[in-house]
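Biologist: I would like to learn how to read the features of a protein model. Could we go through them one at a time?

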Amino acid sequence: MLFLVMILITLGSIATLYVTIPILVNFFPRLVSYGVFLNGICPPNNITKLNDPENSYHLEGVKNVYIDTPDGGKIGVWLMPPLNAAGNSEIDFTSTRIILYCHGNSFHRAFGHRLKLYSILRHLGFWVVTFDYRGYADSTVCKVTETGAVEDILTVYSYIEDVFPDADSILVWGHSLGTSFASKAVQEMKSRVLTHLPNGLILEAPFDSIEGIMENYPLSKAFLKIYPNDWMKALMMKALKFTNTCLDTTQYLREVSCNVMILHAEDDTKVHYKLGRALFDRMKEACKSGTDICPPAIKFVKFNERHHLGHNGIYRHNSLPFLVEQFLEDASHGALDQFVDVEL
């Protein structure tokens with residue numbers, strides 16, 4: 001009898017949850033955008049360490065600053081100078097190559113794989129400027145929006161121009177969710193008063209659209225399987241529209257005027273490889289139609305699944321330094337073909 005009661009309670013709980021989820025999506029649309037941004041996933045004890053990167057993370061020469069946003073907020077930023085062969089920081093403002101890094105959802109600018117990528121880029125002689133969008137980590141506490149995140153990238157980019165007025169080159173690098181933010185920001189830069197537009201845009205593990213993410217991201221994919229697919233998809237799209245979350249990377253890239261390099265691991269299970277591939281293929285189709293501005297060149301680099309790089313591990317591939325250097329050199333000299341397709 002007790003066993004039967006427990007079964008009934010369990011079934012009742014599952015049925016209640018099944019009914020509750022669509023109600024929450026419909027009446028509390030910001031829950032859906034939170035599921036996209038995941039800015040609340042950040043241990044509080046880590047936040048307190050971000051203002052002292054040298055001691056907390058053993059990052060020699062790295063300076064933490066807080067820069068003001070036009071609406072009175074603040075953005076936590078790290079200025080990371082290049083490293084020499086011995087791993088010591090080299091402060092050099094006479095010849096500066098800069099990478100502005102725009103991270104993906106959850107955690108903060110000091111999270112595991114991000115630190116490892118910074119180290120590689122710094123050893124290549126780049127200044128790395130990394131930050132947390134408002135709503136993340138130690139930046140102003142607020143609701144994260146796509147518009148706000150893009151504005152934060154533009155604010156940090158303007159700060160870079162102030163600090164490095166004679167920069168030799170500036171690359172914008174986005175990862176995962178940050179690829180769409182970065183693409184939108186670079187798209188908008190041409191209408192801003194800037195003295196140095198980016199020399200290139202690097203998209204690591206990108207996606208073509210929010211629809212693509214919805215159909216392939218583990219959590220949303222599960223919802224689309226549990227509930228009638230079209231109905232649940234329409235419900236989630238309605239919620240995202242309410243929060244003005246578009247994330248239409250393909251559309252943004254159509255108006256980007258610098259060279260683009262896409263990096264994607266075949267075994268990426270979070271942002272599926274086929275989404276990065278779809279972005280490249282859709283851009284080829286759009287650019288060949290001649291109706292869009294389009295980047296001068298787009299390079300797609302597939303990392304074969306045998307490397308086991310997944311969503312966050314492209315920094316581990318030993319060809320990455322060469323790819324970055326070659327991309328910057330080709331972008332500076334206009335040497336790239338319009339569409340380049342590479343597999344490693």
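Modeller: Begin with helix packing. An axis is a line fitted to the C-alpha atoms of a helix over the stretch in contact, and the angle runs from 0 to 180 degrees between the N-to-C directions. Two packed helices are described by that angle and by the distance between the axes. Keep in mind that this is a predicted model.

Biologist: At what angle do helix 9 and helix 10 pack, and how far apart are their axes?

Modeller: The angle between helix 9 and helix 10 is about 135 degrees, and the axes are 7 Å apart.

Biologist: What is the angle between helix 6 and helix 7?

Modeller: Helix 6 and helix 7, the latter spanning residues 177-189, pack at about 60 degrees, with axes 9 Å apart. That angle makes helix 6 oblique to helix 7. The crossing of helix 6 and helix 7 is right-handed.

Biologist: Next, the backbone. Which value of phi does alanine 137 have?

Modeller: Phi of alanine 137 is near 50 degrees, which is a positive value in a residue other than glycine. Alanine 137 sits in the loop between strand 4 and helix 6.

Biologist: Is alanine 137 buried or exposed?

Modeller: Buried means under 20% relative accessible area. Alanine 137 has 13% relative accessibility, so it counts as buried.

Biologist: Where is asparagine 244, and what is its phi?

Modeller: Asparagine 244 is in the loop between helix 10 and helix 11, the latter covering 249-253. Its phi is near 60 degrees, again a positive value in a residue other than glycine. With a relative accessible area of 43%, asparagine 244 is partly exposed.

Biologist: Where is lysine 143 placed?

Modeller: Lysine 143 is in the loop between strand 4 (127-131) and helix 6 (146-163). The cut-off for exposed is over 50%, and lysine 143, at 60% relative accessibility, counts as exposed.

Biologist: How far is the C-alpha atom of lysine 143 from that of tyrosine 34?

Modeller: The two C-alpha atoms are separated by 8.7 Å, although lysine 143 and tyrosine 34 are 109 residues apart along the chain.

Biologist: Now the spaces. What volume does the largest pocket have, and which residues lie nearest its centre?

Modeller: A pocket is an open space, whereas a cavity is one that a probe cannot get out of. The largest pocket has a volume of about 730 Å³. Its lining is made of 35 residues, and Gly35, Val36, Leu38, Tyr217 and Leu219 lie nearest the centre. Among the elements giving two or more residues to this lining are helix 1 (2-27), helix 5 (112-123) and helix 8 (210-216). Helix 2 gives the most, with five residues. By class, the lining has 23 nonpolar, ten polar and two charged residues.

Biologist: How many cavities of 30 Å³ or more does the structure hold?

Modeller: There is one. The volume of the largest cavity is about 30 Å³. Tyr101, His113, Leu117, Glu204, Asn312 and Tyr315 line the largest cavity. Those lining residues divide into three nonpolar, two polar and one charged.

Conventions: Residues numbered from 1 in each chain as written. Predicted model: local features only at pLDDT ≥ 70, side-chain atom pairs only at ≥ 80, totals over all residues. Heavy atoms only, no water. 1 Å grid on protein atoms, 1.4 Å probe; cavity = no way out; pocket = protein on both sides within 12 Å on 5 of 7 lines; lining within 4 Å. Points joined across faces, edges and corners; volume = space filled by probe spheres on them. Nonpolar A, V, L, I, M, F, W, Y, C, P; charged D, E, K, R; others polar. Helix = DSSP H or I, 4+ residues; strand = E, 2+ residues; numbered from the N terminus. Buried < 20%, exposed > 50% of the residue type's maximum accessible area, 1.4 Å probe, protein only. Parallel < 35°, antiparallel > 145°, perpendicular 65-115°, else oblique. Left-handed = near helix turned anticlockwise from the far one by under 90°.
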